[in-house]
Each structure stands twice: as C-alpha cells, then as structure tokens.
Amino acid sequence: MCSLLQQKKTSKTPTFWAYCSKAPCRIDFSGGWTDILPLTKIGIVGAVVNAAINLYTYVTIREKEHEGVTIHSFDFQKNSVQYEIQNTKRMRYDGNFDLVKAALRIFQIPCGLSIEIRNFAPIGSGLGTSASMGVSLVGALSRCIGKRISKEEIGRKIEAKQAKL
C-alpha cells in the first residue's frame, strides 16, 4: 500500500475506496483563448464570455496494489484507451495524457493508482474538455491525498500547466 495514502487511513476507512470528481464543459460565446497565460504575460488582457453546460468530465481514482499509474479513458462514443505509467518520477511528456502527468507531478504521487476518465463531449468540439478533465482530475487527486485546494487554486494550476504543454 502507498505510504502517502496509508497515512490518512483510519479504522473507519473502507478497504475499497474511490475518489470521484466531476467538472462541467463550457461553451465560449466570445473571446476564447484571449485570456491564456502566454498572452497575459506580454500584457494582452483578454476577456472571455462563456458558460458551463450540462456535459461533464468524470474522474475516478482508485489505489492499485502495484506501483505505477494506469489511465483508462472513455470518450462519449464509449471508445476506450488504456495507458500505463510505470514510474511517476521518470514520466515524460510525449503527447499521451500529458495533462494527467502534469497533475501527478503537481501532487507528487509516488504510488500505484488507477485513474478512470469519462468525458461525454465530442472530441474536438471546442467545449473545454481538456480544462474540464484537468479540473476534475486535480479535484479527485486533492481529495485522494487529503489536501484541500480552492477552486481558484485548481484553476490557476491547470491554466499554468496547460500553457506549458
């Protein structure tokens, strides 16, 4: 068992646990991508008008007996992809689940986890599915390790990581 997670377990903690989180997708009405970090660094002030919609990204995290991270991703057409990360300390950004890897680095997760991601928005729809997944993932990971993070801090962490990827 992972020592990071073992520290927070008590006699009342069930032997089977899962941490779940969801975040809505959004639709942009105006100004999409004008508020991202590279533009704001050079003094361009963007203004985005958007709204959350009734399509969500769901993330479920469970502990595994073995080291490494297994990612199961399901899209709205019920297609699935499985991706393995053997060692979270040596993972590289390679275009495969880089936002998940960034979140694992933020939280310095050293142990075995299974991460299930479900998104019900069409791929490439422009509905902010990456941001929705990032927010949902950070929410689930923070609950997993018992660290309280405000919604604003989650947003800042995801924005900074997305800008670098």
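The second largest pocket of this predicted model holds about 570 Å³ of space. A pocket here is an open set of points on a 1 Å grid over the protein atoms alone, where a 1.4 Å probe fits and protein lies on both sides within 12 Å along at least five of seven lines. Its volume is the space filled by probe spheres set on the points. Lining residues have an atom within 4 Å of a point, and this pocket has 23 of them, with Ser73, Phe97, Thr129, Ser130 and Met133 nearest its centre. Here are the elements that give two or more residues to that lining:

| Element | Residues |
|---|---|
| strand E3 | 69-74 |
| strand E4 | 80-85 |
| helix H3 | 98-107 |
| strand E5 | 113-119 |
| helix H4 | 129-144 |

Helices (at least four residues) and strands (at least two) are DSSP runs, numbered from the N terminus.

Now for the largest nonpolar core: buried residues (under 20% relative accessible area, 1.4 Å probe, protein chains only) joined through side-chain atoms within 4.5 Å. This core has 27 residues, and H4 gives the most, with 6. Leu137 is among those with the most contacts inside the core. Leaving out residues up to four places away in sequence, Leu137 touches Val59, Ile61, Leu99, Val100, Ala103 and Ile115, where a contact means heavy atoms within 4.5 Å.

The buried residues of H4 include Met133, Leu137 and Leu141. Just after H4, Gly146 takes a positive phi of about 75 degrees.

Residues are numbered from 1 along each chain as its sequence is written, and side-chain values use heavy atoms, without hydrogens and water. Local features need pLDDT of at least 70 and side-chain atom pairs count only at 80 or more, while totals for chains, interfaces and linings use all residues.

How values were computed:
Buried < 20%, exposed > 50% of the residue type's maximum accessible area, 1.4 Å probe, protein only.
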